[in-house]
Amino acid sequence: MADRKRLERILKATANRRRFTILAYLKKEKEAPVGRIAEHIHLSFKSTSRHLAILYSTELVERTQRSSEVFYRLSDVVHPTVSEILKHV
């Protein structure tokens, strides 16, 4: 049952087009700071940070603080369903 709830949260997170675009961008770029991601998806820094927080809470992305910037990358361990989705991006 716990795995079903986790999968539901993951699917809800990836169902948003902005978050899906962020995942596709990180798949291509490997890692990027919030500002660069915001530029790519044509969204404010604040809104992009909110989307990234949702992806982080579902363990789809990992983050690293470097100086004053936060860098995001796809998680090393991703749910099999997400791996399958990202193959088609």
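In this predicted model, an open sheet is built from 3 strands arranged in the order β1-β3-β2, with antiparallel pairing. The edges are held by β1 (31-33) and β2 (61-66), and because each of these has a single partner strand, one side of each is left without a neighbour in the sheet. From one strand to the next, the twist averages 25°. Strand β3, which spans residues 69-74, pairs with β2 in the antiparallel sense over 6 bridges, and within this part of the sheet R66 stands opposite E69 in β3.

Two helices pack on this sheet. Helix α2, formed by residues 17-29, touches β1, β2 and β3, and its direction makes about 90° with that of β3. Helix α4 also packs on the sheet, where it touches β2 and β3, while its direction makes about 120° with that of β2.

Helix α4 has a further partner among the helices, namely α3. The axes of α3 (residues 34-41) and α4 (residues 45-57) come within 9 Å of each other and cross at roughly 105°; since angles of 65 to 115 degrees count as roughly perpendicular, the two helices are therefore described as roughly perpendicular to each other. Which residues bring α3 and α4 together? On the α3 side they are V34, G35, I37, A38 and I41, and these meet F45, T48, S49 and L52 in α4.

How values were computed: Residues numbered from 1 in each chain as written. Predicted model: local features only at pLDDT ≥ 70, side-chain atom pairs only at ≥ 80, totals over all residues. Heavy atoms only, no water. Axes fitted to C-alpha atoms, helices over the stretch in contact; angles between N-to-C directions. Helix = DSSP H or I, 4+ residues; strand = E, 2+ residues; numbered from the N terminus. Parallel < 35°, antiparallel > 145°, perpendicular 65-115°, else oblique. Contact = heavy atoms within 4.5 Å. Pairing = 2+ DSSP bridges.
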